[in-house]
Amino acid sequence: MVSRNRFLFWSLLLGIMGLAALSQPTSVWAQSPTPFLPASPSARAIRDLMVIILWIAALVFIVVEALLIYAVWRYRAKPSEPDTLPRQIHGNTPIEIAWTIAPAIVLAIVFVMTIRTMGVVAAPPPATAAGEPLLIKVIGHQWWWEVQYPELGIVTASDIHDPVGRPVQFELTSGDVIHSFWVPELQGKTDVIPGRTNNSHFTVDQPGEYLGMCAEFCGAQHARMRFKVIAESPEEFETWVANQQSPPAEPATPLAQQGQQAFMTNACIGCHTIDGTAAQGKTGPNLTHFGSRDTIAAGTLSNTPENLARWLRNPQEVKPGALMPNLNLSETTIDQLVAYLESLQ
Ligand code: CUA
């Protein structure tokens, strides 16, 4: 009876887990990033180590399970003599030495390989034909990523543009609590700690978009603290840089002009900066080129007028606990702000 209940319990648990895996929550990015598809030398070194360790673990698993199944079958109680124990071998010195030394050797091999991989991953990025490393400062906030290019005078959020083939040197710090910076396809995790600067780097070798995330629980919206590395050709990157460096065009339509007016006279300017305007707040994301970004609220919503209106109507409905309060804006004001903000290309 007990074994039957246990069977039911495990079947139910596995069934629930299977259903949970199938019913993926709706996300801006349908596909999850995987360290099994590396796109940088560092990530490749990590993947290679991971694959070797997986094979070693699989081999150990098969050997141990095979011995276990063999012992269970070979020494099972026989119907003819149900009360006879097989020969007991505890205290067998050669066997105990063997099963101490074998795992020690396996772990020593894994240890040496891990140290070598850590060396590869931690080595400072070399200058390549594509140029000196590009410095990017990333500041973790509850719950979004601020991205600064100090040498280029650019401040943005959530989307990290970088040129393929050129090493990128990251300086990571936090404005509040501990976060962790992780782009599975490009590099391992690095803690992002207030009052301290940690370094990470990678050189992306294929153009594409690589999803990043916070990998350290940092509060209610930890799961909605995503970002994206957009690796593009040097020419595309230069175009992006030139666009980011110039202030946004003045709003062209009456609706967008009213939106600018609304932005400058509401609480918005207390927290957000828009270059070339009176808005110089530093608490929230810099919105100078908001319209050119892919997402709103650190990957929570894709950047469309409908989603922006939903966010402005009540940020707490979209991302409960986010620092942006519900400003109780009228629908008219929301329409104006959407027109203005989406015009900031
Ligand atoms: Cu930031 Cu988790």
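Reader: Ser158, buried or exposed?
Author: Buried. This is a predicted model, and in it Ser158 has 7% relative accessibility. The cut-off for buried is under 20%, so Ser158 qualifies.

Reader: Where does Ser158 lie?
Author: In the loop between strand 3 and strand 4 (159-163).

Reader: What is phi of Ser158 near?
Author: Phi of Ser158 is near 70°. That is a positive value, and the residue is not glycine.

Reader: And Asn328, what about phi there?
Author: Positive, near 50°, again in a residue other than glycine. Asn328 sits in the loop between helix 8 (315-318) and helix 9 (331-343).

Reader: Is Asn328 buried or exposed?
Author: Exposed. Its relative accessible area is 65%, and exposed means over 50%.

Reader: Which residues does the cis peptide bond join?
Author: Gln142 and Trp143, with omega about 0°. Trp143 is placed in the loop between strand 1 (134-141) and strand 2 (144-149).

Reader: Switching to domains. How is the chain divided?
Author: Into domain 1 (26-73 + 95-246) and domain 2 (254-342). Taken over C-alpha atoms, their centres are 31 Å apart.

Reader: How many residues does each domain bring to the contact?
Author: Domain 1 gives 21 residues and domain 2 gives 21 residues. About 1600 Å² is buried between domain 1 and domain 2. Carbon and sulfur atoms give 53% of that area.

Reader: How many salt bridges between domain 1 and domain 2?
Author: The count is 1.

Reader: What about Asp294 and Lys228?
Author: Their side chains meet in a salt bridge, at 2.9 Å from N to O.

Reader: How many residue pairs are in polar contact between the domains?
Author: 12, with both residues at pLDDT 80 or more.

Reader: Which elements supply the side of domain 1 that touches domain 2?
Author: Strand 3 (154-157), strand 10 (226-232) and helix 4 (234-245) each supply at least two residues. The residues on that side of domain 1 divide into 9 nonpolar, 7 polar and 5 charged.

Reader: Now His272. Where is it found?
Author: In the loop between helix 6 (268-271) and strand 11 (295-296). His272 is buried, at 11% relative accessibility.

Reader: What is His272 in contact with?
Author: Beyond its neighbours within four places in sequence, the contacts of His272 include Phe263, Leu287 and Met324. Gly281, Gly284 and Pro285 are also among them.

Reader: Last one, Leu14. Buried or exposed?
Author: Exposed, at 55% relative accessibility. Leu14 is in helix 1 (residues 2-22).

Reader: What separates Leu14 and Ile53?
Author: 26 Å between their C-alpha atoms, and 39 residues along the chain.

How values were computed. Residues numbered from 1 in each chain as written. Heavy atoms only, no water. Domains from an automatic or database assignment. Contact = heavy atoms within 4.5 Å. Buried area = accessible area lost by both parts, 1.4 Å probe. Salt bridge = Lys/Arg side-chain N within 4 Å of Asp/Glu carboxyl O. Polar contact = N/O pair within 3.5 Å; in protein donor to acceptor, adjacent residues only side chain to side chain. Helix = DSSP H or I, 4+ residues; strand = E, 2+ residues; numbered from the N terminus. Nonpolar A, V, L, I, M, F, W, Y, C, P; charged D, E, K, R; others polar. Buried < 20%, exposed > 50% of the residue type's maximum accessible area, 1.4 Å probe, protein only.
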